[in-house]
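Here is a short report on one protein chain. Look at the structure first, then read on.

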Amino acid sequence: MHHLTTELAMTAEHQAEHDYGVTPGGVVEPPAVVLPERRLFSQRARRLRDLSRRMRSMADFLGFAARLAQAQHQVLQKQVSTFAPDAEAFELALEHGMPPLMAQTLQHDLDWQEDLNALCDALELNVGQAQQQLIRQLRALDVTARQDMAAEVLNAGNGTEDTRAFMPLVAAALQVAWLRQCSVLPRPPKRAEGVAQTVCPCCGSLPVASLIQVGRERSRVRYMQCSICAAEWYMERARCTTCFETGKLDYVSLEGEDGKRPLPVRAETCGDCHSYVKIVHLDTEVDADALADDLASLGLDIMIAGERDIGRSSYNPWLITG
Ligand SMILES: [Zn+2]
Ligand SMILES: [Zn+2]
């Protein structure tokens with residue numbers, strides 16, 4: 001009896017240690033790269049609906065973003081990938097530490113144009129008149145015009161006055177196509193070295209934001225999340241994610257009238273390379289989402305732009321600026 005009690009106590013203790021990422025043998029190594037889950041878009045849609053209720057001044061914009069994410073979820077369930085190179089093509093890239101789904105290279109191979117048509121179908125029934133008009137205009141554009149917009153998104157551009165309004169939709173289609181493609185990879189890519197860490201190890205795109213993660217293996221560990229395929233890659237905390245310096249970092253966040261942070265988001269600013277990246281704290285709100293919380297904290301970008309001469313190092317293709 002006594003023996004059994006001791007054993008139970010031991011188990012509980014080990015369990016507690018696991019929560020902090022420590023095993024009897026030492027520290028658990030967090031995974032270097034984590035591929036996206038298929039439920040990402042439905043979780044993002046739920047988060048955006050929640051944020052549209054909380055951030056009243058952005059309710060319409062976040063509400064539309066929620067419908068777009070929900071449409072992405074629908075399209076991901078329906079369509080299948082027609083791009084199927086043999087596994088060795090991926091092996092070669094994975095072996096040599098090259099992004100296996102390089103967005104710039106594959107933009108004419110993945111069938112994101114079909115995803116874009118399906119997204120328009122799914123959205124059309126659920127949006128207002130102004131957005132229906134936008135969808136009709138997008139449908140009328142030819143393949144080349146759409147390809148040009150995709151290239152602009154994959155170059156992290158802001159588009160032109162004529163194309164800017166369509167870019168979130170084109171980006172949404174690219175996100176569906178690349179997330180779907182991630183699921184056929186035989187394994188996640190390895191940790192990148194040096195400057196390669198500033199872009200996604202799966203598709204070579206810029207991050208949308210960084211996340212402080214939760215869960216047994218990743219508790220309080222920072223990851224960057226890709227703006228296109230949503231893969232996450234490890235990035236040390238308290239180190240600039242662009243120039244990797246540590247000496248001139250500062251942290252800023254929005255404050256509500258009650259003195260509390262209205263969102264679980266901070267910006268990490270770097271005085272060495274004059275850039276900043278947002279940190280979305282899942283350890284504060286477990287439902288938070290890199291893209292959604294980045295959109296909802298647009299006020300933080302505006303505040304930083306007004307006070308400091310620094311620029312965003314990340315890219316959110318749903319954020320139409322300029
Ligand atoms: Zn990616
Ligand atoms: Zn820096």
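Is glutamate 37 buried, partly exposed or exposed? Glutamate 37 is partly exposed, with a relative accessible area of 46%. Keep in mind that this is a predicted model.

## The surface between them

About 1,900 Å² is buried between domain 1 and domain 2. Carbon and sulfur atoms give 66% of that area. On the side of domain 1, Cys202, Ile228 and Leu295 lose the most area to domain 2. Together they make up 27% of what that side buries.

Polar links cross the interface too. The rule finds four salt bridges there, along with nine residue pairs in polar contact.

## Charged pairs

Side chains of opposite charge can pair when their charged atoms come close. The whole structure holds 21 salt bridges. One of them joins arginine 47 and glutamate 285, at 2.9 Å from N to O. Arg47 and Glu285 also belong to a network of salt bridges, together with Asp50, Arg54 and Asp293.

Glutamate 37 has a partner as well. Its side chain meets that of arginine 39 in a salt bridge, 2.6 Å from N to O. Arginine 39 counts as partly exposed, at 46% relative accessibility.

## Pairs across the sequence

Glutamate 95 and arginine 187 form a salt bridge at 3.7 Å, N to O. This pair links distant parts of the chain, 92 residues apart. Glutamate 95 sits in helix 4 (residues 87-95), and arginine 187 sits in the loop between helix 9 (167-182) and strand 4 (207-212). Glutamate 95 is partly exposed, at 48%. Arginine 187 is partly exposed at 33%.

What does the pair of arginine 218 and glutamate 232 tie together? Arginine 218 lies in the loop between strand 4 and strand 5 (222-226), and glutamate 232 lies in strand 6 (residues 232-234), so the pair ties together parts that are 14 residues apart in sequence. Their closest N and O atoms are 2.8 Å apart. Arginine 218 counts as buried because its relative accessibility is 13%, under the 20% limit. Glutamate 232 is buried too, at 9%.

Notes: Residues are numbered from 1 along each chain as its sequence is written. Chains are lettered from A and ligands numbered from 1 in the order in which they are written. This is a predicted model: local features need pLDDT of at least 70, side-chain atom pairs count only at pLDDT 80 or more; totals for chains, interfaces and linings use all residues. Side-chain values use heavy atoms; hydrogens and water are left out. Buried area is the accessible area (1.4 Å probe) that two parts lose on being put together, summed over both. A polar contact is a pair of N or O atoms within 3.5 Å; within protein, one must be able to donate a hydrogen and the other to accept it, and residues adjacent in sequence count only if both atoms are side-chain atoms. Buried means under 20% relative accessible area, exposed over 50%, partly exposed in between (1.4 Å probe, protein chains only). Helices (H or I, at least four residues) and strands (E, at least two) are DSSP runs, numbered from the N terminus.
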